[in-house]
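Good morning, and thank you for coming. I would like to walk you through one structure, beginning with a single residue and ending with the ligand.

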Amino acid sequence: MLKGKVAIVTGSTSGIGLGIAEVLASQHCDVMLNGFGDEKMIAALQARLQRQYKVKIGYHGADMAQPDEIHAMVKATRRELGSVDILVNNAGIQHVAPIEEFPRAKWDAIVAVNLSAPFHATQAAIPHMRKKKWGRIINIASAHGLVASRHKSAYVAAKHGLVGLTKVTALEMAGSGITCNAICPGWVLTPLVQKQVDERAHEKRIKAKEAELDLLAEKQPSQQFVTPEQIGKLVLFLCSSGADQMTGSSLAMDGGWTAQ
Ligand code: NAD
């Protein structure tokens, strides 16, 4: 379905981003990976995806907190893979603490990676998409882009901001062939959430499995985790012609979290 297209998936060395990259590659899309991680692990991941799906898989180590590095990544993608047709702004970080105790540096880092980075990447990618009169910008927001939780001030503010950026991008791109939508996942069991599960297990003196169920019971009525592959399949739909007129939307995939 995506043969000849090139995608950048930020934060794709782990979790949801990796799931999205894999689904795109499975549909013959060339992919530029990005994110932190061990050099050998990343090289092995590139080699596996290339072998398994017979597509080109690049890697760029841009730090998403650095605008110049983001622009360099978009440039490198054009140079190495020939185009930038799909941009998935996925890289994200979390810190959990009450406002009175929230470290300033954590606030700045979360806003930089979760909100400013999608802006910089969008700005860098749009000119290439305009030339082709086709493009897909997909922002991985969160249920926390639609509703709040205590102790997540920076994350909730950044994700609400990302939903807003999605709408502005959609309006400015309307009619150009470029769409912009946000996906708002509920709990997905990735390293980002595993840390919260472990903290909960420690605080409540319960086993990790019990802590997982406790976490789900609090917010997610299905009491089941969303998977990276399921999010990847929604990305795929947004890249299809069926979604040509879908833009500015925020799509919850959250086991019913935000229906409550
Ligand atoms: P994760 O920790 O498994 O992966 C995060 C990825 O981002 C990694 O590849 C990491 O290397 C990369 N990254 C972090 N900081 C970076 C930086 N400065 N520069 C470049 N790369 C950086 O997390 P995840 O759960 O897969 O989260 C992915 C996205 O999904 C995030 O935006 C997160 O907010 C969002 N999300 C996650 C959940 C969930 O339950 N896991 C729910 C809703 C939304």
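Predicted model: local features only at pLDDT ≥ 70, side-chain atom pairs only at ≥ 80, totals over all residues.

Let us start with His-95, which counts as buried at 19% relative accessibility; buried means under 20% relative accessible area, exposed over 50%, and partly exposed in between, with a 1.4 Å probe and protein chains only. Residues are numbered from 1 along each chain as its sequence is written, and side-chain values use heavy atoms, with hydrogens and water left out.

His-95 is found in the loop between β4 and α4. Helices (H or I, at least four residues) and strands (E, at least two) are DSSP runs, numbered from the N terminus. Leaving aside neighbours within four places in sequence, His-95 is in contact with Phe-102, Pro-103, Lys-106, Ile-110 and His-151, where contact means heavy atoms within 4.5 Å. Glu-101 has its place in the loop between β4 and α4 (104-132). Is Glu-101 buried or exposed? Glu-101 is exposed, with a relative accessible area of 58%. The C-alpha atoms of Glu-101 and His-151 are separated by 9.4 Å, and these residues are 50 residues apart along the chain.

I turn now to the sheet. Seven strands form an open sheet with parallel pairing, in the order β3-β2-β1-β4-β5-β6-β7; two strands pair if DSSP finds at least two bridges between them. At the edges are β3 (57-60) and β7 (250-253), each of which pairs on one side only. β1 and β2 run parallel and are joined by four bridges, and Val-6 has Asp-30 in β2 as its bridge partner. Further along, β5 and β6 (residues 178-185) pair in the parallel sense over six bridges; Thr-179 in β6 is the bridge partner of Arg-136.

Why is β2 described as largely enclosed by the rest of the structure? Five of the five residues of β2 are buried, so this strand is largely enclosed. Both of its faces are covered, with Asp-30, Met-32 and Asn-34 buried on one side and Val-31 and Leu-33 on the other. In general, the side chains of a regular strand alternate between the two faces of the sheet.

Next comes the nonpolar core, a set of buried Ala, Val, Leu, Ile, Met, Phe, Trp, Tyr and Cys residues joined through side-chain atoms within 4.5 Å. The largest such core has 33 residues, of which Ile-20 and Leu-24 touch the most other members. The largest share of this core, six residues, comes from α1. Leu-24, leaving aside its neighbours within four places in sequence, is in contact with residues including Ala-7, Val-31, Val-88 and Val-235.

Finally, the ligand. Which residues are closest to the ligand? Of the 30 residues that surround the ligand, the closest are Ser-14, Asn-90, Tyr-155, Val-188 and Thr-190; a residue is near a molecule if one of its heavy atoms lies within 4 Å of it. A polar side-chain atom of Ser-14 lies 2.7 Å from an oxygen atom of the ligand. For Asn-90, a polar backbone atom is 2.7 Å from an oxygen atom of the ligand. Phe-36 has a backbone N or O atom 2.8 Å from an oxygen atom of the ligand.

Thank you for your attention.

Key: Polar contact = N/O pair within 3.5 Å; in protein donor to acceptor, adjacent residues only side chain to side chain.
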